[in-house]
2 protein chains.
Amino acid sequence: MIEKESLHASLRDPLLDSMNFLNQVVLRYPDAISFAPGRPFEGFFGLEDIQDGLRAYLDHLAERGRTPEQVAAELFQYGPTAGSINDLVARHLEVEEDIHVPAEAVVITVGAQEAMLLAVRALFADPRDVLLVAAPSYVGITGAARLLDVPVHPVPWDDPNDLAAPLRAAVAEQRAAGRRVRAFYLVPDHANPTGHTLALPERHALLDAAAELDLLVIEDSPYRLFTAGRRLPTLKALDRGRRVLYVGSFAKSAFPGARLGYAVADQVVRDRAGQENLLAAELTKIKSMVTVNTPSLSQAVVGGLLLRNGFRLAEANERAIRHYAGNLERMLAALARHFPPGSRDRPGVSWNEPDGGFFLTLRVGFPVDAELLRRSAEEFEVIWTPMRSFEPGGDPCAMRLAYSYVTPDEIDEGVARLARLIASEAPEAD
Amino acid sequence: MIEKESLHASLRDPLLDSMNFLNQVVLRYPDAISFAPGRPFEGFFGLEDIQDGLRAYLDHLAERGRTPEQVAAELFQYGPTAGSINDLVARHLEVEEDIHVPAEAVVITVGAQEAMLLAVRALFADPRDVLLVAAPSYVGITGAARLLDVPVHPVPWDDPNDLAAPLRAAVAEQRAAGRRVRAFYLVPDHANPTGHTLALPERHALLDAAAELDLLVIEDSPYRLFTAGRRLPTLKALDRGRRVLYVGSFAKSAFPGARLGYAVADQVVRDRAGQENLLAAELTKIKSMVTVNTPSLSQAVVGGLLLRNGFRLAEANERAIRHYAGNLERMLAALARHFPPGSRDRPGVSWNEPDGGFFLTLRVGFPVDAELLRRSAEEFEVIWTPMRSFEPGGDPCAMRLAYSYVTPDEIDEGVARLARLIASEAPEAD
């Protein structure tokens with residue numbers, strides 16, 4: 001018998017507990033329409049995609065002169081800790097994202113989650129070191145920090161185009177308290193959980209602030225491929241001072257089951273003897289103690305996907321991009337139908353209008369908590385996520401609606417159910 | 001520019017640095033015969049093994065009533081954090097290892113390395129908590145602990161059949177210093193790096209000691225399939241008090257590129273409210289913040305391998321088992337030839353005689369360090385690993401010889417070169 005109190009504190013963290021609770025609600029009410037999981041839609045995937053990707057990658061190795069035995073060994077054996085397809089990922093970043101980094105600056109990881117864990121582990125060394133996050137924030141970064149006992153402080157990101165100023169204020173506050181801010185994490189495109197996107201001038205302002213404050217920016221952008229119009233440049237593409245550590249994910253642009261992500265860390269690290277190394281090499285040393293190396297099959301299938309599509313994932317994802325854009329439009333239309341401008345103000349219902357991604361923020365005129373969620377699932381058969389699950393100090397009246405995994409018809413029906421829940425909680429005679 | 005001094009202490013750890021140094025030596029002298037890497041032999045693997053495994057697993061899902069869409073989704077989508085093939089692994093443990101645990105006690109991980117990281121993270125919560133390891137120890141467990149700032153103390157495992165007594169002494173010493181010993185890690189079969197195997201009576205003695213001292217035992221046994229004669233039962237199979245957390249690996253019994261491992265953690269955890277959970281469920285929560293879930297393709301291929309072989313890996317590995325046993329015999333014969341009993345004593349050369357696995361310990365009459373290794377690689381074209389790379393306080397005159405990845409002819413030639421190195425360092429007129 002082990003007393004839970006004796007286990008690591010992260011296992012008693014309310015944030016992680018609340019994520020477990022949400023998963024249980026989804027499992028317990030399988031017939032409810034769920035706007036909870038930010039999962040990609042799986043309808044465009046077939047087993048042949050795996051075969052095709054694998055074949056393209058193995059052909060590529062053969063074309064580069066590898067013997068059949070060497071090709072088999074690349075799948076069989078322990079691989080380089082930093083990864084095997086780093087050159088293909090660097091080429092993809094160049095061709096599609098205008099990010100120019102050498103393959104040595106790329107570390108292939110088991111999902112973006114491992115990349116975040118490596119970054120937090122490398123950068124945080126002292127009890128005074130703190131991580132700032134644009135809040136409400138993706139739970140994965142907070143979780144990685146909790147595991148490593150790294151303190152996380154929120155930078156409120158309420159107005160999508162006002163982030164540099166709150167960042168400066170948060171840094172000043174931490175420094176006044178004697179702490180060292182090592183890095184600032186954000187999802188600049190169609191953020192999880194809010195759906196916020198940072199406009200171009202604010203991207204420049206953020207990079208300027210990071211340079212002045214001498215901070216690293218951890219940029220995580222798994223949804224940016226799914227932009228209805230033109231994509232903005234990543235912070236990394238705008239980065240002239242190697243201020244940005246870019247976290248990449250193939251979970252949405254290839255498939256989540258591959259668990260393939262990467263870190264781009266082209267920062268120079270200098271030791272006392274004056275020897276220089278890229279930060280990517282330091283992340284690689286840490287990776288050797290987390291997962292040793294990333295599974296060869298996942299790398300091969302994703303490498304093949306890149307090769308088959310001329311390193312451009314937007315083309316490979318044409319149908320998916322249209323699908324998510326269509327779902328977003330459908331959800332915005334359904335919300336507008338149920339809460340027309342006149343009625344909208346009364347119960348205090350409002351929402352943002354992202355131009356892509358998987359999520360939006362819906363605000364209602366009353367607090368939405370775990371108990372209301374349970375009742376929503378049971379009585380109204382619709383599931384959503386309280387925004388406070390992501391940020392305990394956040395807006396108590398906001399919820400995250402994910403529209404990525406549902407069908408258009410489910411969106412219509414789900415929003416209708418949500419409207420009935422809201423009416424039952426905030427009658428018009430409010 | 002980042003000062004290396006500001007990064008996490010594990011990145012300046014001499015243990016991890018020395019591992020990097022070793023890897024560089026192997027890369028810098030590609031023509032040397034290398035007894036360094038503990039890699040499995042890759043000659044028995046073909047790409048069709050991946051296809052066959054995948055097909056067997058997909059057929060299994062179809063037989064269990066899944067539609068083609070559901071089968072495709074299992075490969076495509078995010079999967080359960082604890083894993084998808086837990087029932088197959090539990091059945092394998094029952095059929096082949098006489099370990100009887102429910103599938104819920106199994107967490108599928110990205111290699112045994114992730115399983116170790118999860119175990120260390122869950123169990124270590126307080127600065128007074130320490131981990132004991134049978135020393136010299138596998139570097140992966142020490143590395144995982146270093147990443148998490150968990151202190152590691154060695155329990156000298158010099159005589160293969162005397163471990164319970166040194167463990168009791170080490171625990172007494174730690175307790176006298178006000179520390180809490182949470183767990184003891186060992187590789188009981190053909191240990192990495194020594195080649196030691198714990199005999200059956202000493203296995204019982206170790207479990208008795210763990211019960212009396214109220215410790216968990218972390219058992220890691222990746223080489224046990226490769227036993228020349230009859231395998232001894234695992235500690236977990238003998239465990240009647242749920243004292244053993246078993247770390248499993250498919251890196252040698254399937255293939256390293258899959259990066260597939262698991263933890264068996266059937267310990268009961270009780271919280272303050274009296275609610276009970278398996279430790280496996282707590283490890284799963286931590287895993288959600290490390291890699292989210294284990295790649296689906298790796299699970300499918302290994303799941304298929306288990307299904308195709310009636311859950312018995314010994315049968316699937318018949319040729320590999322013979323190969324490693326043959327290499328071991330060849331290396332012992334080569335050592336006996338170059339250091340016959342009469343001459344053996346003079347230069348102080350001795351070695352152990354494991355009955356399986358990938359490694360043995362060679363002791364010489366002089367210290368073997370990094371500088372000698374460099375000279376050995378350059379002048380004698382043979383590479384080995386100083387035992388002190390694994391345990392800084394260990395025997396300065398011992399080296400690890402790995403015979404898993406080399407051919408029988410390379411063993412003969414490599415031992416001849418080693419004999420020339422030894423003769424040059426310790427001439428007979430010693």
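Helices here are DSSP runs of H or I with at least four residues, strands are E runs of at least two, and both are numbered from the N terminus. Keep that in mind as you click around this predicted model.

Start with chain A as a whole. Of the 430 residues, 61% count as buried. Now colour by charge: the mean positions of the 45 positive and 59 negative charges sit 3 Å apart.

Next, select Ala135(A) and Pro136(A), which are joined by a cis peptide bond with omega about 0°. Pro136(A) is in the loop between β4 (129-135) and α6 (139-147).

Move on to the loop between β6 (180-186) and α8 (200-213), where Pro193(A) is found. Another cis peptide bond links Asn192(A) to Pro193(A), this time with omega about 15°. While you're there, pick His190(A), in the loop between β6 and α8. Its phi is near 50°, a positive value in a residue other than glycine. Is His190(A) buried or exposed? His190(A) is buried, at 1% relative accessible area.

Finally, hop to chain B and select Phe311(B), in the loop between α11 (296-308) and α12 (313-316). Phe311(B) isn't glycine, yet its phi is positive, near 70°. Phe311(B) counts as buried because its relative accessibility is 14%, and the cut-off is under 20%.

Notes: Residues are numbered from 1 along each chain as its sequence is written. Chains are lettered from A and ligands numbered from 1 in the order in which they are written. This is a predicted model: local features need pLDDT of at least 70, side-chain atom pairs count only at pLDDT 80 or more; totals for chains, interfaces and linings use all residues. Side-chain values use heavy atoms; hydrogens and water are left out. Buried means under 20% relative accessible area, exposed over 50%, partly exposed in between (1.4 Å probe, protein chains only). Lys and Arg count as positive and Asp and Glu as negative; His and the chain ends are not counted. The place of a charge is taken as NZ of Lys, CZ of Arg, CG of Asp or CD of Glu.
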